[in-house]
Amino acid sequence: MAAAGADYAKYKNPKQPLNRRIGDLLARMALAEKIGQMSQIERENATAGVVREYFIGSVLSGGGSVPSTNATPEAWVGMVNEMQRGALSTRLGIPMLYGIDAVHGHGNAYRATIFPHNVGLGCTRDQELAKKIGAATALEVRATGIPYVFAPCVAVCRDPRWGRCYESFSEDPKVVQLMASVISGLQGEIPAGGRRGAPFVAAGGKRNVAACSKHYVGDGGTDGGANEGDTAATFHELLSVHMPPYYTAVAQGVSTVMVSFSGWNGAKMHANRFLITDFLKTTLRFRGFVISDWGGIERITTPKGADYMLSVKLSIMAGIDMIMIPYTYTEFIDDLSTLVKNGTIPMSRIDDAVRRILRVKFTMGLFENPYADNSLAGELGKQEHRDLAREAVRKSLVLLKNGKPGEKPLLPLPKNAGTILVAGSHAHNLGYQCGGWTITWQGVGGNNLTTGTTILDGIKRAVGHGTDVVYSENPDAGFMRQNEARFDYAVVVVGEPPYAESFGDNHNLTIPAPGPSVIRDVCGSVRCAVVLVSGRPLVVEPYMGAMDALVAAWLPGTEGQGVSDVLFGDYGFTGKLARTWFRSVEQLPMNVGDARYDPLFPFGFGLQTRAYGR
């Protein structure tokens, strides 16, 4: 009978109905405990003592924020569990939720499988593939003890000058909606008859993660593609272009939605009550929690952080439930406490936020399984996942040119040749291949960042035993004059260096040097296939005449062999552009369906080849 006494807590009983558990726990919580649940702080600050003292509800790793260089899954699990011990030692024992960016696989983790960025995946139009990638990513994230990811990005990028365009599946909301099936891979498939708008993570939750659709809303429509800029659009335009992926995400039971740094018609999204509370929560009936972006509330004012208390008030009243602070957490907690105590923010708004956060934590089984274990360590970088990533690379490649007028197609390339030249800055550079959000926030060049296969490695494995592969990163005209008779053909791999967010905003979109000179010098001497590694279309028209073939490889990730699989005809080219390929930046923005539409390659374009012997 003791269980029926004063110490019996319904919220601890998984057999109790969900809403009864939420209501029971909420009724027991003091204001400090509620505000703690609404606070997400950076790993650097999150000792067990801090988590315990401030009742912290969530911790995150920003881009590149890791327990140690080249940390093992066991090191990650140990770190997360130490913080969790702090949370569970509080009066009510509410577990902490750890979140991380996993936008193309578990990018922060050493030796993880890095999948192609979304810009490439959109070219596959393959929602089953997206679902499989989501499931594999979930397992690799869980291998490091983490149950929550800030993915997928469901932005509809309307201007490739935007530095986050590679995080977007397409300029067409229908393609983004199709590929949002990655959510069902991450979280598990929502059961038929599940409550619309309710967050869903598969039972047991140990092999799935809570997902986050981002960045709500209009992040891909800013003027000139400026990151964190302003999207000028009518409500109808916002609903028809940028909102549809959120309909899909909510229908799939997405657990959380992240608000965009950007604004809509001059009003910052982080303070937009109409779109967050009235539309997302009320009209779309979203029942998960809304989270800010990194330090997003500070950006409500100009200059940033000019009136922090005002930022706290506006963001919470707009309907944001959890604030990614990530460092000034004591100031946030103090200010929000003051605003509630003086009646500026009603307790009903705090309770709505906490109820939503608890709903996600209960739904994903965090109360029953708060601690991570090492049983999934073998999932990180698993061969089966690498094979899936290699398949994704093959299907994402888009063949834009194959053969000069009046000549035979160059692709697929013959495997048995005398000598072939492989050239260019991106041929043997795993970091360039992966792009931003890989090991660090901005990404890094070179081959020492993680485990994977470069495009050059793939070519060497693909060719016949008697074929000599010569690699020269930057062959000049003199080298080509001396050696052109040696080479049967060349593969030139050039493109963009890694970048993320505002660092990627670019108003000229030219191929970075020395790419153009390598194309001219090599393709002027020998038949050549150019492979472009980039997060978006670039200006290529000036070089089209020199190239025999052109392949858009996007940002393929760690499995570069997927490129050689298709170049050499083991598989055919099947990818179709999910973005319009412009001629010049003066045409931008230019998207499919526009009245003035004169692209170099239209949306949906992609030449096909057949695999040898298939």
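Analyst: A residue is called buried when its relative accessible area is under 20%, exposed when it is over 50%, and partly exposed in between. Because the relative accessibility of Tyr 54 is 25%, Tyr 54 therefore counts as partly exposed. The model is a predicted one, and the values that follow are computed from it.

A pair of aromatic rings is described by the distance of the centres and the angle of the planes. The count of aromatic pairs in this model comes to 15. One of them joins Tyr 54 and Tyr 329 in an edge-to-face arrangement, with 5.4 Å from centre to centre and 80° between the planes. Tyr 54 belongs to helix α3 (residues 48-54) and Tyr 329 to helix α13, so this pair ties together parts that lie 275 residues apart in sequence. Whereas Tyr 54 is partly exposed, Tyr 329 counts as buried, because its relative accessibility is 11%.

Another edge-to-face pair is formed by Trp 441 and Phe 503, whose centres are 5.7 Å apart and whose planes stand at 85°. Here both partners lie in loops, Trp 441 between α16 (430-434) and α17 (455-462) and Phe 503 between β15 (489-495) and α19 (515-523), so the pair ties together parts that are 62 residues apart in sequence. Trp 441 is partly exposed, with a relative accessible area of 31%, while Phe 503, at 60% relative accessibility, counts as exposed.

Ring pairs also link Phe 235, Trp 264, Phe 274 and Phe 279 into a cluster. Aromatic rings take part in arrangements with charged groups as well: the charged end of Arg 394 sits over the ring of Tyr 571, 3.8 Å from its centre, and the charged end of Lys 214 sits over the ring of Trp 437, 6.0 Å from the centre of that ring.

Thr 328 is partly exposed, with a relative accessible area of 29%. When its neighbours within four places in sequence are set aside, Thr 328 is in contact with Glu 298 and Tyr 308. Thr 328 and Ile 41 are separated by 287 residues in sequence, yet their C-alpha atoms are 8.3 Å apart in space.

Note on methods:
Residues numbered from 1 in each chain as written. Predicted model: local features only at pLDDT ≥ 70, side-chain atom pairs only at ≥ 80, totals over all residues. Heavy atoms only, no water. Buried < 20%, exposed > 50% of the residue type's maximum accessible area, 1.4 Å probe, protein only. Contact = heavy atoms within 4.5 Å. Phe/Tyr/Trp six-rings, centres within 6.5 Å; stacked < 30°, edge-to-face > 60°. Helix = DSSP H or I, 4+ residues; strand = E, 2+ residues; numbered from the N terminus. Lys NZ or Arg CZ within 6 Å of the ring centre and 35° of its normal.
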